[in-house]
Amino acid sequence: MPSYTVTVATGSQWFAGTDDYIYLSLVGSAGCSEKHLLDKPFYNDFERGAVDSYDVTVDEELGEIQLVKIEKRKYWLHDDWFLKYITLKTPCGDYIEFPCYRWITGEGEIVLRDGRAKLACDDQIHILKQHRRKELETRQKQYRWMEWNPGFPLSIDAKCHKDLPRDIQFDSEKGVDFVLNYSRAMENLFINRFMHMFQSSWSDFADFEKIFVKISNTISERVMNHWQEDLMFGYQFLNGCNPVLIRRCTKLPEKLPVTTEMVECSLERQLTLEQEVEQGNIFIVDFELLDGIDANKTDPCTLQFLAAPVCLLYKNLANKIVPIAIQLNQVPGDENPIFLPSDAKYDWLLAKIWVRSSDFHVHQTITHLLRTHLVSEVFGIALYRQLPAVHPIFKLLVAHVRFTIAINTKAREQLICEYGLFDKANATGGGGHVQMVQRAMQDLTYTSLCFPEAIKARGMDSKEDIPYYFYRDDGLLVWEAIKMFTADVVGIYYQSDQVVEEDQELQDFVKDVYVYGMRGKKASGFPKSIKTREKLSEYLTVVIFTASAQHAAVNFGQLFLGMYPEEHFIEKPVKEAMARFRKNLDTIVSVIAERNKDKKLPYYYLSPDRIPNSVAI
């Protein structure tokens, strides 16, 4: 009788193992086997991190194995199990891999296909077509869209983390990590000890140093020691946590009536302000988004305020960016003066503090929350709803949306909800942050997520003119490496543009993003469909870059880009593409390390060895 060797790998995360009964059935082209209990005498099967092998003998030839069924039945108490993969050695000595990387909960069943990525057009066998269809039908019931706030991108339909499908919940380690990081952030900021500092006026600039006490690394210490200086202020717009607002000024705005006479002490080229603009030496950061946003009123005993500044900056003869004029609100007038470096020391410093405060609010709510977290969640929900696990695009992207939906759900529970951390610590709390997202959605376009296009649109693309914009330089290197990788993968599975256009599952994924994520707004520029391999490669690059590199640049995380510990792909050409991708990323790491070697203030946020795969890792 034919005999198969079945190897079962259990996850290594906490509580991944199980004591439940595990049954296996094999479905082949010539028949289906009976259920076999996978159990070895006097052995604790399916322990956390274990790789267990079993001999399974069947009564008759099954032909080519098409599916593997795994059933879990209760032994004592319900005991969730994380199955990484199954490997099958056939009677003729061939090996077939069945990736899973999913939880089996309760008395559940999972049906697995082998690990070869397949488009729908590749499936000609009825049972495989049926499996594909049923998987999506099940997922679309589990992953539903919901409007958390009017005008927001739609999010997952779950009130809290425990309502999420088990496969996208934090595993125990990640959940504990979230809690510890949250607590550590509160400790670092002395939220409990110095809460009164956030709810009353500070009396001394030394109060800032107390906030930095427990943040001990080279960059933060250097910023703490030099934060009052104009050079540091300008540098942060290029390479700080929000390097996406500064743009080249091509025309002085009427709402900022600054003259040459006002700033001539800052202009080093003996030119007029208008001539400096013409030569491309003037830059601007405009916080118009904050104009009219309601300040936090959740604590009636604490008055909080918001500004909507316009900040003019200048590239000096050393090619460094420095501020030369600041207006704290949008409408000029006697009660809205323009502050200058020639003003009294603390007048100028306070003006810069107001700008930095506004930059913080835009960074946290728009650059970070909206444009990485919420956008990545849209891609993630659409992915689970429209692409089966066997689809090559699912296999490619799933690592880049890992835990994204979970961390966003936690944020809606604890951070940006009513009475959450935003309400306690931010001047935009109490609803202002919601108004900001609603406004910023008007500028959330597909093109603005294409890194090279976004840099060019702000006039910041010239390395010769702006040599110290490391966010741009490193970002372009990483963008190109990702795009080369996605082009490789697309080329493996899509032999022509026609195959792309006829891939209905792919088109449904793209349409879901547009209709639900971007609320069907034509002005967003998000495609409703994709018709060429080149456009597909670009689209996939946007998804991966947004979730990994862009998030790292504005948040900074751990080290995973290019590393795929869950082996959803098994084909040799894709593994070779991954190896090339990692090699290209290693080259970028070396380039950035060499550039940073002698810098007092190194920039490493976009070094690939420090970029997490997704916004939640």
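Predicted model: local features only at pLDDT ≥ 70, side-chain atom pairs only at ≥ 80, totals over all residues.
Helix axes here are lines fitted to C-alpha atoms over the stretch in contact, and the angle between two of them runs from 0 to 180 degrees between their N-to-C directions. Helix α1 (residues 126–142) packs against α9 at an angle of about 140°, and the two axes lie 7 Å apart. Angles over 145 degrees would count as roughly antiparallel, so α1 is oblique to α9. On the α1 side the residues that meet the partner are L136, R139 and Q140, and on the α9 side they are L383, Y384, R385 and Q386. Sorted by class, the contact of α1 with α9 holds three nonpolar, two polar and two charged residues.

Stay with α9 for a moment and turn to another of its partners. Helix α9 (residues 345–386) and helix α18 (residues 504–517) have axes that come within 9 Å and cross at roughly 140°. That angle makes α9 oblique to α18, and the crossing in which α9 passes α18 is right-handed. From α9, the contact draws on V378, F379, A382, L383, R385 and Q386, while α18 supplies E505, D508, F509, D512, V513 and G517. The residues of this contact of α9 with α18 divide into six nonpolar, two polar and four charged. If you have the α1 contact still on screen, you will find L383, R385 and Q386 of α9 there as well as in the contact with α18.

Now look at how α9 meets helix α11 (residues 404–414). The axes of α9 and α11 come within 9 Å and cross at roughly 130°. The two helices are therefore oblique to each other, and their crossing is left-handed. Here H373, L374, S376, E377, G380, I381 and Y384 in α9 meet T404, I405, I407, N408 and R412 in α11. By class, the contact of α9 with α11 has five nonpolar, five polar and two charged residues.

Let us return to α18 and follow one of its residues. Y516 sits in helix α18. Is Y516 buried, exposed or partly exposed? With a relative accessible area of 30%, Y516 is partly exposed, because that value falls between the 20% below which a residue is buried and the 50% above which a residue is exposed. Beyond its neighbours up to four places away in sequence, Y516 touches W145 and L154.

Another stop is H433, which lies in helix α13 (residues 432–440). H433 has a relative accessible area of 4% and is buried. Leaving aside residues up to four places away in sequence, the residues touched by H433 are T365, I416, F422, D423 and T428.

The domain assignment of the protein chain gives domain 1 (3–114), domain 2 (146–175 + 368–610) and domain 3 (244–358). The centres of domain 1 and domain 3, taken over C-alpha atoms, are separated by 64 Å.

Most residues other than glycine have a negative phi. F15 has a positive phi, near 60°. F15 is found in the loop between β1 (3–10) and β2 (21–28), and is exposed, with a relative accessible area of 62%. Y101 also has a positive phi, near 50°. Y101 belongs to strand β8 (residues 95–104), and with a relative accessible area of 10% this tyrosine is buried.

Finally, find E61 in the loop between β5 (51–57) and β6 (65–73). E61 is exposed, with a relative accessible area of 56%. What does E61 touch, not counting residues up to four places away in sequence? The contacts of E61 are with P2 and A30. As for D94, 33 residues from E61 along the chain, the C-alpha atoms of the two are separated by 15 Å.

Terms used: Residues numbered from 1 in each chain as written. Heavy atoms only, no water. Domains from an automatic or database assignment. Helix = DSSP H or I, 4+ residues; strand = E, 2+ residues; numbered from the N terminus. Buried < 20%, exposed > 50% of the residue type's maximum accessible area, 1.4 Å probe, protein only. Contact = heavy atoms within 4.5 Å. Parallel < 35°, antiparallel > 145°, perpendicular 65-115°, else oblique. Left-handed = near helix turned anticlockwise from the far one by under 90°. Nonpolar A, V, L, I, M, F, W, Y, C, P; charged D, E, K, R; others polar.
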